[in-house]
Amino acid sequence: MGNNTDSEEGLWHQSLLGHGDAFGALYDLHRDRVFRHAYRLCGNHHEAEDIMAASFLELWRRRKQVRVVEGSVLPWLLVTTTNMSRNSARTALRYQRLLKALPRSGDLTDPTADSYRSYQDNLDHDLAQALATLTPEDLHLVTLVVFEEHTIVAAATVLHLTPAAAKSRMHRARQRLRAALNGDASTNTPTAPTPVLEGERP
């Protein structure tokens, strides 16, 4: 995918001119990576599909604010996917609280017959929980640099940070993730708002 940067930027410009086929080509180009990132954050296949669809909808809805970084809209898409995932998690939490408040008429849990699936689900859940301990900006950085292998400079550009600040944040985020995966209970879930939502930072 690395040598089609110019054509991707061309597709984006065509999309801005209203060419639906160009936007469809961008969707085909990035949907798998956006889905993988959404799945990594939520640990649920169906939810990841919804998040992916919402992210592409945001790409179109906020097309005039999209930042193209190194010829690609993918970094912007990944940041938006992270924000969509966090919003989805908050909605799910509210829904679970509502369900717990309702009276129960029986056990509705689905027994896990597949031990491998159960093991994989636990791993996915642990990773999603560890990622949830990061601040929004640190999560964006980890997404762009660790999972999607963008450079620190590219990630810093899309997040409006200096490369030095991005590097420092990455170091801190790695330590926090390591602690969370090792079961350090002191890593609390951040509750700060997401100031970089869809690239809205000044």
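**Close-up views of a predicted helical model**

**View 1. Helix H2 has a kink of about 50 degrees, centred on His30.** The bend at a residue is the angle between axes fitted to the seven residues ending there and the seven starting there. Helices are DSSP runs (H or I, at least four residues), numbered from the N terminus. This is a predicted model: local features need pLDDT of at least 70, side-chain atom pairs count only at pLDDT 80 or more, and totals for chains, interfaces and linings use all residues. Residues are numbered from 1 along each chain, and side-chain values use heavy atoms, without hydrogens or water. Gly43 follows H2, and its phi is positive, near 70 degrees.

**View 2. The largest nonpolar core holds 43 residues.** Such a core joins buried Ala, Val, Leu, Ile, Met, Phe, Trp, Tyr and Cys residues through side-chain atoms within 4.5 Å. Leu59 and Leu141 touch the most other members. Among the helices that each supply at least two residues are H1 (5–16) and H8 (163–181). H2 gives the most, with eight residues.

**View 3. H6 and H8 pack at an angle of about 95 degrees, with their axes 9 Å apart.** H6 is therefore roughly perpendicular to H8 (65 to 115 degrees). Axes are lines fitted to C-alpha atoms over the stretch in contact, and angles run from 0 to 180 degrees between N-to-C directions. Leu141 and Val145 are among the H6 residues that meet H8, where Met170 and Leu177 are among the partners. Contact means heavy atoms within 4.5 Å.

Definitions and conventions
Buried < 20%, exposed > 50% of the residue type's maximum accessible area, 1.4 Å probe, protein only. Parallel < 35°, antiparallel > 145°, perpendicular 65-115°, else oblique.
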